Amino acid sequence: MIDFGAVGQSLDLLFSNFGPWLVVVPGIVLGLIFGATPGLQISMAMAIFLPMTMYMDFIQAMLFLTAIFTGGSFGAGIPAILMNIPGTSSAIATAFDGYPMARKGQHNQALGVALASSVIGALMGYVVLFFMIQPLSYMVLRLGPAEMFVVILWGMTLIASLKGEQVLKGLVAGFVGLLVGTIGFSEIGLARGTMGQTYLLDGVPVIPAMMGMFAASELFKLANKGFIVESADARKVKVSEIFEGCRMAMRYPVVMIRGGLIGVLVGAVPGVGSSVSNLLSYIETKRRDRDPDSFGKGNPKGVVASEAANSSSEGGSMATLLALGIPGGGATAVMLAAFAMHNITGGPQFIRQQTDVVYAIIFANFAQVFLLVIIGLLFIPLLANIVKVPMRYLIPSVLVLAIMGSFGLTGNMTGPATVLVFAVIGWIFRHYGYSVPAAVIGMLLGSLAEKSLLHSYQISGGDITYVFERPVTLAIFALLLISLFSQPLMKRLKARQEAAQL
């Protein structure tokens with residue numbers, strides 16, 4: 001139920017003075033810069049500027065941090081499209097079709113598609129949060145480790161679809177990524193796959209590995225090219241084409257709505273967030289499309305699916321923070337620290353006693369989304385000029401940026417070494433036709449799947465019948481089976497019908 005009295009009070013909080021809004025535009029700009037710079041995570045930006053919020057009131061602090069979150073969600077897609085470097089793990093799937101669009105000279109349209117999808121996805125996330133914050137928090141509490149393991153298994157089994165023409169190679173790449181993701185200490189304190197190297201005890205740093213496999217390996221392939229986009233005419237930055245991309249995104253409302261809903265639901269699950277939601281949305285969109293082979297070659301639906309999901313997951317992660325006091329990921333963990341700095345505890349009591357503050361945060365995020373449209377349109381033409389930079393300058397610059405960013409993430413030479421090692425691995429994968437995205441997905445989901453399986457085993461005491469007491473787990477498992485076997489069965493039935501007609 002919506003408390004209309006609290007709605008009125010929330011509007012008074014926001015508009016009684018202009019103070020809270022003074023931090024929104026700087027926050028969005030900071031989010032765009034950090035999101036668009038490979039290796040600089042959104043949560044890193046929020047953590048760096050967190051001490052500043054100590055001198056703000058609570059509403060102003062939350063507006064500043066959520067503005068960084070909003071700007072960063074879109075900013076991460078910019079290098080994914082222009083350079084095949086996802087700014088964060090939430091933009092991995094954006095690179096699958098965004099970068100091929102840029103290579104074909106459609107960089108303006110791709111950036112417009114990403115902006116429109118991010119804006120609509122974020123709006124969807126906060127609309128759902130406004131109407132469903134309490135029911136959504138109840139649903140999240142119903143998801144245990146068994147349900148999470150089946151959801152992750154669902155995503156892992158669909159990895160092969162990313163390499164549709166070579167399913168076996170897609171599975172092998174995913175399995176290799178899964179093994180890499182389990183390197184280091186396990187949940188029970190056993191060290192695996194470290195080969196005696198102490199710097200691997202904490203596991204392989206996923207973001208540097210991702211930058212190496214996606215970006216550096218791609219740069220090796222482009223070493224003999226003059227520019228990212230070969231045609232001089234196609235390299236032009238045209239605002240009209242950016243608007244055309246925005247209109248292009250609106251042609252796929254079903255893809256956008258499905259991505260938005262996936263983002264909200266997955267983003268609400270603590271510890272998962274946009275890193276997984278953009279991949280699940282992309283895979284599901286490709287699986288349902290009439291021409292799945294066009295994905296990975298510059299299909300704008302892939303960009304729509306990814307960007308709508310990663311932006312809408314903001315609303316889902318905010319739901320768990322506000323309703324349960326549990327952060328959904330790194331960014332909301334920083335927000336939880338801001339709660340503590342202002343002596344506020346999130347959870348059901350916070351919603352009941354300070355409903356006006358909750359609504360004020362949600363309404364402020366609606367306004368931030370509209371500001372993102374304006375600021376994004378001002379920034380995109382500037383950032384799109386990167387396609388005009390000759391490769392002889394771009395390759396060393398991007399490599400230096402990736403290595404510096406990876407050093408900032410790890411604080412030692414492990415990050416840069418990981419970038420270089422996985423650049424070689426990525427180049428080998430590309431050369432022999434193995435799926436680089438599948439390997440990265442395996443690394444992202446591997447440790448999470450292991451934790452969920454171990455916790456399920458501990459809760460059930462090793463009794464497999466525990467699964468049959470979990471109707472939600474069985475329902476998700478049924479959906480997994482349907483998604484796996486529905487297409488082959490439909491193709492077989494269609495072939496039989498055609499044969500019968502002959």
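**Figure 1. The whole chain at a glance.** Let us start with the overall fold: 21 helices and two strands make up the secondary structure of the chain. Helices (H or I, at least four residues) and strands (E, at least two) are DSSP runs, numbered from the N terminus. This is a predicted model, in which local features need pLDDT of at least 70 and side-chain atom pairs count only at pLDDT 80 or more, while totals for chains, interfaces and linings use all residues. Residues are numbered from 1 along each chain as its sequence is written, and side-chain values use heavy atoms, with hydrogens and water left out. Of the 502 residues in the chain, 56% are buried. Here, buried means under 20% relative accessible area, exposed means over 50%, and partly exposed is in between (1.4 Å probe, protein chains only). Of the contacts between residues at least 6 apart in sequence, 80% join residues at least 24 apart; a contact means heavy atoms within 4.5 Å.

**Figure 2. Inside the nonpolar cores.** A nonpolar core is a set of buried Ala, Val, Leu, Ile, Met, Phe, Trp, Tyr and Cys residues joined through side-chain atoms within 4.5 Å. The largest one has 92 residues, and M46 and M318 touch the most other members. Helix α17 (residues 355-383) gives this core its largest share, 13 residues. Which residues does M46 touch, not counting those up to four places away in sequence? They are L65, I68, F69, A331, V334 and M335. A second, separate core has 33 residues, including A209, F295, F429 and V436.

Figure 3. D356 is found in helix α17. Is D356 buried or exposed? Its relative accessibility is 18%, so D356 counts as buried. Leaving aside neighbours within four places in sequence, D356 is in contact with A6, Q9, S10 and L13.

**Figure 4. One face of helix α11.** In this helix (residues 239-249), the residues E241, I242, G245, C246, M248 and A249 are buried. Seen down the axis of α11, the buried residues fall within an arc of 160 degrees, so they line one face of the helix. The arc is that of the directions from the helix axis to the C-beta atoms.

Figure 5. Side chains of opposite charge can pair when their charged atoms come close. A salt bridge is a side-chain nitrogen of Lys or Arg within 4 Å of a carboxyl oxygen of Asp or Glu, and the whole structure has three of them. E284 pairs with R287, their closest N and O atoms being 2.5 Å apart, and R288 pairs with E284 at 2.8 Å. Together, E284, R287 and R288 are linked in a network of salt bridges. E284 and R287 are three residues apart in helix α13 (residues 274-288), so about one helical turn separates them. E284 is buried, at 10% relative accessibility, whereas R288 is exposed, with a relative accessible area of 52%.

**Figure 6. A salt bridge from loop to helix.** D289 forms a salt bridge with K301, with 2.7 Å between the closest N and O atoms. D289 lies in the loop between α13 and α14 (300-324) and K301 in helix α14, so the pair ties together parts that are 12 residues apart in sequence. D289 counts as buried, at 13% relative accessibility.
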